[in-house]
Amino acid sequence: MFKKEKKKTVEVLSVPKSDRRTLSNVPDPEKIRLNADRRAVASQKDDSRKEDTQYMKKLRELSLRFEASFDVKVLRSGRSKEKQVTGKASDISATGMLVELDPAAIRDTVREGGKYQLTFDIPAGTMPEGYESAVKIKAVSVRTFMREGEDGPKQMIAFQFEKPLSEYLQRKRWGYSVYMASSLLFVAVGIIMLMRVESIIYFKYNFLLYLYSITAAAFLLTRYFFGALHRDVPITRHYTPGVSIIIPCFNEEEWIHRTILSCINQDYPIDKLEVIVVDDRSKDRSVEQIEKVMALINKESERYATQDRLKLHVLAENGGKRVALVKGVEMAKHNLVVFVDSDSFLEPTAIRHLVQPFQDPRMGGVAGRTDVENKYTNSITKLQTVRYYIAFRIMKAAESYFDSVTCLSGPLSCYRKSLILKHKDAWLNQKFLGQPATFGDDRSMTNFILRTHRTGYQDTAICSTIVPSEMNVFLKQQMRWKRSWLRESLRAGGFIWRKEPFMALFFYIGLVVPIAAPVIVLYNLLYVPIVHQVFPSTFLMGLLLMALLMSFAHLIFRKSKLWVFGLVFCVFYELVLLWQMPVAWVTFWKSTWGTRETPQDIEAKNKKAARKNKNNKNSDVPL
């Protein structure tokens, strides 16, 4: 029988409306059109505030349009619902939307310049996280026109909302979410602290267990405390050091074009930014896609000089991600290098925010924030969305408070070029217990940098990435991350004590707590109920409260309905991911990638095939 081919998961992504200009965010050297010159926010422009980065960010957010396809009910103000008509949204922004209506409805009901009430539900994934909601808002029709479609001409009408959706949702939903989550967060923290005080009373019964309980709770609460204290280095508008973006690519034909566009389309001086794509001998059509998008971008090369700023290098043979990154650094002409994964997409202001901490000469590397791009694909991506946000906005932000971020993550990180070149040989030839270290490249390089320099985090330097949407791929990724975390944490433990004492203390606590967690869970959920006949209600309550901390923090910052997946992630972690840790203990020297064919993966696959053939031959021998 033929093996049934597995159906590929279709990723759910918000799709920005294409701009007429390929490089719509790049500062125009001829000043023909400025970045704020958008139709949707023309009435809000203030030329005196073009140097105000927060103001310009708000203008951009208001002007972003997204492709849409959902029903919209249109009712003229003061009319009965009998005159209500239903159309189909074509695109939507925070300030307005374009709707396809029946031509007869426009003649009878909708007039250009008229006032209307629009009722619609924004589906999850249509707009950025937090906008998925039911909306009933007043609007003005600003223009009507005909558009040619596959099945003939379509009547379109553009509406401008009475107030931006961000203001509408702030009053209708976001404000209540923040107040509720903040209150419940304080309640959860209070209960956790009371429970830990209670643990002191039981020290005499099991000193190690209750010491672990208090230590783990203190570690987690301080992460949230210092994460809340974190503040980004503000933008100095005229601080724009030269930056070279390095994109290593291997079999990424589906996303590489979007990655390249997001990197070259930055709000950054064109003479200070270059993009270098290094292909690691991809076996798919990645190189073809790279050349195609480069040709598209170079149509505007005369004004934006992209032919000199956008380069492709194909390695002679597959060498791995580190080799590709080092080659890009060697080609770079600027003193700061930014590493961007080939399935990650930068916000237009990401580079401008990312470089600001380098005004401190002691800063060696800076990580940006990574959000999940395909968050609405399925439950697997939704639970990763909450986890990613907390990992960056809370955990990395807390480390950054002490200038000691322990992992400058692969999707978006910036380094001093001189430091990469200084450590390149040790990085490329790194081995652990005799095995080549092929993954964990970001943690590994961070350790080299952190030994002698500061490392930081910029929450406003944002990129989004495609995360695994299939369970087997996700589990392989998590196992790979645990192995690299364990390996590099042992390395960092040898020098981190020289850093800020409070940071060093909690680094060592953060190393012990997850390693010991499986033993603690087994003790509380199996040993105590079986041997002492006591239901572990206190332990389960503690787990629930820790999960609520994650969920409520996500709700406060993101105002999103996905907050509940923080609870789902914690349950999934306790049931599945936690038990990868013991496996990582005894296999953390392994160098196989699991989700791509590195030389080590090929070697492991050949060994497995050889063992299988040997077993088959032995089974054929007659007894």
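1. The accessible surface of the protein is about 30500 Å², and carbon and sulfur atoms hold 57% of it (Shrake-Rupley method, 1.4 Å probe). This is a predicted model, in which local features need pLDDT of at least 70 and side-chain atom pairs count only at pLDDT 80 or more, while totals for chains, interfaces and linings use all residues. Residues are numbered from 1 along each chain as its sequence is written, and side-chain values use heavy atoms, without hydrogens and water.

2. There are 19 helices and 17 strands in the protein (DSSP runs, H or I of at least four residues for helices and E of at least two for strands, numbered from the N terminus). Of its 623 residues, 52% are buried (under 20% relative accessible area, 1.4 Å probe, protein chains only).

3. Eight strands form an open sheet with mixed pairing, in the order 10-9-8-11-14-13-17-12. Its edges are strand 10 (310–314) and strand 12 (344–346), each pairing on one side only (pairing requires at least two DSSP bridges between two strands).

4. Strand 9 (residues 273–279) pairs with strand 10 in the parallel sense through five bridges; Val277 has Leu312 in strand 10 as its bridge partner.

5. Strand 14 (residues 413–416) pairs antiparallel with strand 11 (residues 336–339) over four bridges, with Phe339 opposite Ser413. Three bridges link strand 14 to strand 13 (residues 363–372), also antiparallel, and Val366 is partnered with Cys414.

6. Both faces of strand 14 are covered: Ser413 and Tyr415 are buried on one side, Cys414 and Arg416 on the other. In a regular strand, side chains alternate between the two faces of the sheet.

How values were computed:
Buried < 20%, exposed > 50% of the residue type's maximum accessible area, 1.4 Å probe, protein only.
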